[in-house]
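Take a look at the model below.

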Amino acid sequence: MFLHPTKSRGQFLTASQMARSLLSVLPLLSRLHATASVVLDGNLSSTVQADSSKPLPLGSRLINISADQPLFLNSSLRISSTEGTCANGSVPGSVFVVPEGEELHHGSGGNWEWVPTTQCNASGVERQCRYSHSSGGAYHCQPADSPDFWPRLSCNCEQCPCPEGQGGFACSSCTDDSACPVGSRCSTTTRVTAHQAKALTCSFSHTGTAYRIFWGSGWAKPQALVQWDPDADTLKLDLLQSMCTQEQPILMQCACHSCDFMQDTMNPISGELEGSCAEKNLPSPCAKCGTCKCDYPEDTYMARSTQKLIDNVHKGLVFGCKDVDEGGECIGLLDDFPIPLHFDCTAGVCTESEEKPAYIEASLFDAWTTKAICALLIIMLCALTAVVHALLVRAWQRRLALSSENFAPEAPCTA
């Protein structure tokens with residue numbers, strides 16, 4: 001957007017009028033700039049489209065999550081509203097606070113548990129979610145069925161709606177074919193692919209041990225973004241504390257290299273998968289990376305003990321997903337981190353290629369080949385051993401017979 005001198009009633013704008021005009025559009029310019037550069041960057045990037053009528057490009061777009069990006073640097077840009085709905089003009093990737101939740105705190109510290117979804121108190125001001133800077137920053141409210149201030153309910157955090165046919169982090173993914181160019185389709189499989197780069201928008205599972213390690217005091221609505229690029233042999237993992245925090249939302253970031261696409265083979269005899277993924281109890285296909293390096297912002301909300309664990313991550317990672325009803329269940333195993341990371345993920349990328357099977361179906365001949373050869377060799381060896389043993393026994397018996405004939409006493413002579 002450019003400003004030019006404009007005539008009004010035959011006169012140019014005065015300096016003060018020009019200044020007021022400029023000040024009036026600065027917020028708009030700031031928001032437009034933030035929208036255009038919020039998270040997409042790199043070779044596979046494209047500008048966030050404000051026009052929902054334009055289809056998403058083919059292939060995955062590299063999402064650059066960085067502490068100096070506007071969405072992560074400015075909480076007022078990131079948190080669109082605390083009223084349970086998204087404000088107009090919100091940038092892609094912004095969120096709003098919802099007055100309901102599943103994380104119930106009975107007191108201070110780590111005294112909390114997961115419960116079925118509970119509404120906030122519906123009466124007046126008490127329905128509003130209030131912000132606390134403790135424990136990484138989170139919104140909480142008084143539960144509707146609680147007459148006292150305790151317990152406190154952690155308010156949910158949801159992303160602002162995306163244009164029709166789009167979804168995922170910062171609306172960078174497709175959800176159906178309507179968001180894709182003509183002649184292409186939206187691939188929503190979360191499985192690791194051999195050639196197609198993809199970004200997975202994930203929520204961190206709160207049922208596993210890892211949640212208690214990262215968020216011992218609770219108050220987190222963690223998200224993860226997994227970016228798989230088979231052409232570059234890389235996998236990137238970004239773990240976020242909560243997009244609804246006014247503090248730094250980025251918890252840690254891991255970049256893995258020397259990654260290989262691994263696909264298991266189905267044994268037609270046993271009906272079980274065999275291969276590198278199955279050995280790690282991961283779905284097939286999976287990505288196996290040789291080295292990983294993890295880092296975190298200086299102002300990250302992460303315990304010192306966990307930071308020391310992350311500092312020692314240098315080895316590899318194995319990552320795999322299996323599709324479920326609406327999305328996928330994914331597992332990440334860092335060689336240097338003792339606890340598996342569980343995620344519930346979604347994906348969506350416009351593509352012209354067909355889906356590949358999750359595993360290789362071996363033919364009955366292929367399955368039998370190695371085992372049959374080994375079994376046949378064992379049988380032949382056993383048979384040969386038996387034959388040799390029989391021949392040796394027979395030869396020994398003949399030798400004994402000849403020996404008895406040679407040394408037998410002569411018969412006495414008759415008169």
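A grid of 1 Å is laid over the protein atoms alone; a cavity is a set of points where a 1.4 Å probe fits but cannot get out, while a pocket is an open set with protein on both sides within 12 Å along at least five of seven lines. Lining residues have an atom within 4 Å of a point. Grid points are joined across faces, edges and corners, and a volume is the space filled by probe spheres set on the points.

Some ground rules come next. This is a predicted model, in which local features need pLDDT of at least 70 and side-chain atom pairs count only at pLDDT 80 or more, while totals for chains, interfaces and linings use all residues. Residues are numbered from 1 along each chain as its sequence is written, and side-chain values use heavy atoms, with hydrogens and water left out.

Now the overall view. The protein has seven helices and 23 strands. Helices (H or I, at least four residues) and strands (E, at least two) are DSSP runs, numbered from the N terminus. Of the 415 residues, 41% are buried. Buried means under 20% relative accessible area, exposed means over 50%, and partly exposed is in between, using a 1.4 Å probe and protein chains only. Contact means heavy atoms within 4.5 Å. Take the contacts between residues at least 6 apart in sequence: 60% of them join residues at least 24 apart.

Where does the largest cavity sit? Ser60, Arg61, Ser172, Ser173 and Gly348 lie nearest its centre, among 13 lining residues. The largest cavity holds about 90 Å³ of space. Strand E10 (173–174) and strand E22 (349–351) each give at least two residues to its lining. By class, that lining has seven nonpolar, five polar and one charged residues. Here Ala, Val, Leu, Ile, Met, Phe, Trp, Tyr, Cys and Pro count as nonpolar, Asp, Glu, Lys and Arg as charged, and the others, Gly among them, as polar.

In total, the structure holds two cavities of 30 Å³ or more. E8 provides the largest share, four residues.

Next, the largest pocket. Its volume is about 540 Å³. It is lined by 22 residues, and Cys157, Ser203, Lys221, Pro222 and Gln223 lie nearest its centre. Four strands each supply at least two residues of the lining: E4 (95–105), E8 (152–159), E12 (198–204) and E21 (341–347). The lining divides into 10 nonpolar, eight polar and four charged residues.

Now turn to the rings. A pair of aromatic rings is described by the distance of the centres and the angle of the planes. Rings of Phe, Tyr and Trp (its six-membered ring) pair if their centres lie within 6.5 Å; planes under 30 degrees apart count as stacked, over 60 as edge-to-face and the rest as tilted. The count comes to 11 aromatic pairs. Why is the pair of phenylalanine 204 and phenylalanine 343 edge-to-face? Their centres are 5.4 Å apart and their planes are at 85 degrees, so the pair falls in that class. Phenylalanine 204 lies in strand E12 and phenylalanine 343 in strand E21, so the pair ties together parts that are 139 residues apart in sequence. Tyrosine 211 and tryptophan 215 form a tilted pair, with 5.1 Å centre to centre and 40 degrees between the planes. Both tyrosine 211 and tryptophan 215 are buried. Phenylalanine 204 counts as buried at 5% relative accessibility, and phenylalanine 343 does so at 2%. Ring pairs link Trp112, Trp114, Phe204, Tyr211, Phe214, Trp215, Phe337 and Phe343 into a cluster.

Alanine 224 lies in strand E13 (residues 223–229). Its relative accessible area is 3%, so alanine 224 is buried. Leaving aside neighbours within four places in sequence, alanine 224 is in contact with residues including Leu200, Cys202, Leu239 and Phe343.

Leaving aside neighbours within four places in sequence, serine 132 is in contact with Gly137, Ala138 and His140.
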